[in-house]
Structure formats: C-alpha cells, structure tokens
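Keep it short, and give the cut-offs.

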Amino acid sequence: MKKRVTGIGGIFFKSENPKATREWYNKHLGIQCPDEYGGMFEWQKTSKPEETAYTIWSPFEEKTEYFQPSKKDFMFNYRVENLVELLKVLKEEGVEIVGEMQEFEYGKFGWILDPEGNKVELWEPIEGPFSEMYKGKSTSE
C-alpha cells in the first residue's frame, strides 16, 4: 500500500453565521472566500511541483448534518492516494467506515470515524478540474 495521508485537504467547522465568519476572516486575516464553500490555500506538491494543489478552509452552518455521526463542531479532510484501496485496508484494520465512497469530477471522498468519534473525510483529489474551478480565487495568489 502506498502512502495513506499525503496532506491536509481541508479544515471544516460549524459556525453560527458562516457568511459573517468568512467576511471576518477575509477582512482581518486575508482569507479570500470566493463562494459559500470558504477559502482556498494554493500550494505546489514537492513530488510534482508542476501541479497546483489546494487546502480548503470552510465554516459550515451550525445545524449542518455533514459532520454526522460525529457530534463535534469540526471535521478534518485529509488528502490521500488510492482511496478505494485505503478504505479496504482501514476496514480490515477495524476502522469504522461512514457511508459510501462518493466520486466527483474533482476527486473521490470517503469518511471514517477516529477512536473519539470524530468524523474524518478522506479525499483523493483530481487536481485539474479543481484547479480550473478555483483558478485566481485562492488566498495564496
């Protein structure tokens, strides 16, 4: 099995007022939020410097069900290689898988619970489509 986690894909947290939170972070810390999904930090991979990659920062509505079954107010998204294989290995290791893997034009997503009940999102990104969606809209530019 190749590497498991290759980086942080995103930091997600609940907010009483996501719009106001995005505006505050933009004004005071310079985190640009081009849409309701939050901000993007652009970076280059050490192993493939020609590829642009992103880490997402996103406040969610306080009543979101996206973090369930976790009762926590946050969720981490980790970038991974070969999500299908990783989920298989994690299941064999006794890790609780949450829901079914989902696939989009910008990557595959799967979810697990850690020992404390925190929902963890695993993302196998497809950089090209994601880069096209957010070109010129990241905080890093």
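## Salt bridge within a helix

K19 is exposed, at 52% relative accessible area (buried means under 20%, exposed over 50%, partly exposed in between, with a 1.4 Å probe and protein chains only). Its partner in a salt bridge is E23, with the closest N and O atoms 2.6 Å apart. A salt bridge here is a side-chain nitrogen of Lys or Arg within 4 Å of a carboxyl oxygen of Asp or Glu. E23 counts as partly exposed, at 44% relative accessibility. Both K19 and E23 sit in helix α1 (residues 18-29), four residues apart, or about one turn of the helix. Helices (H or I, at least four residues) and strands (E, at least two) are DSSP runs, numbered from the N terminus.

The model is predicted: local features need pLDDT of at least 70, side-chain atom pairs count only at pLDDT 80 or more, and totals for chains, interfaces and linings use all residues. Residues are numbered from 1 along each chain as its sequence is written, and side-chain values use heavy atoms, with hydrogens and water left out.

## Salt bridge across the sequence

Side chains of opposite charge can pair when their charged atoms come close. The whole structure holds two salt bridges. Besides K19 with E23, R4 pairs with E93, and their closest N and O atoms are 2.9 Å apart. R4 belongs to the segment before β1 (5-15) and E93 to the loop between α2 (83-92) and β5 (96-104), so this bridge ties together parts 89 residues apart in sequence. R4 is partly exposed at 34% relative accessible area. E93 is also partly exposed, at 47%.

## Aromatic contacts

A search of the whole structure gives 13 aromatic pairs. Rings of Phe, Tyr and Trp (its six-membered ring) pair if their centres lie within 6.5 Å; planes under 30 degrees apart are stacked, over 60 edge-to-face, and the rest tilted. Y66 and W111 have ring centres 6.4 Å apart and planes at 85°, so they are edge-to-face. This pair links distant parts of the chain: Y66 is in the loop between β3 (52-61) and β4, W111 in strand β6 (residues 107-113), 45 residues apart. W111 is buried, at 6% relative accessibility, while Y66 is partly exposed, at 32%.

F76 and Y78 make a tilted pair, 6.3 Å centre to centre with 40° between the planes. F76 is partly exposed at 35%, and Y78 is partly exposed at 26%.

## Charges over rings

Which ring does the charged end of K119 sit over? The ring is that of Y66, with its centre 5.2 Å away. R79 lies over the face of W123, at 5.2 Å from the ring centre. The test asks for NZ of Lys or CZ of Arg within 6 Å of the ring centre and within 35 degrees of the ring normal.

## The second largest pocket

This pocket has a volume of about 410 Å³. Of its 17 lining residues, T6, K45, S47, R79 and E81 are the closest to the centre. Strands β2 (39-44), β4 (74-80) and β7 (119-125) each give two or more residues to the lining. A pocket is an open set of points on a 1 Å grid over the protein atoms alone, where a 1.4 Å probe fits, with protein on both sides within 12 Å along at least five of seven lines; lining residues have an atom within 4 Å of a point. Grid points are joined across faces, edges and corners, and the volume is the space filled by probe spheres set on them.

By class, the lining has nine charged, five polar and three nonpolar residues. Asp, Glu, Lys and Arg count as charged; Ala, Val, Leu, Ile, Met, Phe, Trp, Tyr, Cys and Pro as nonpolar; the others, Gly among them, as polar.
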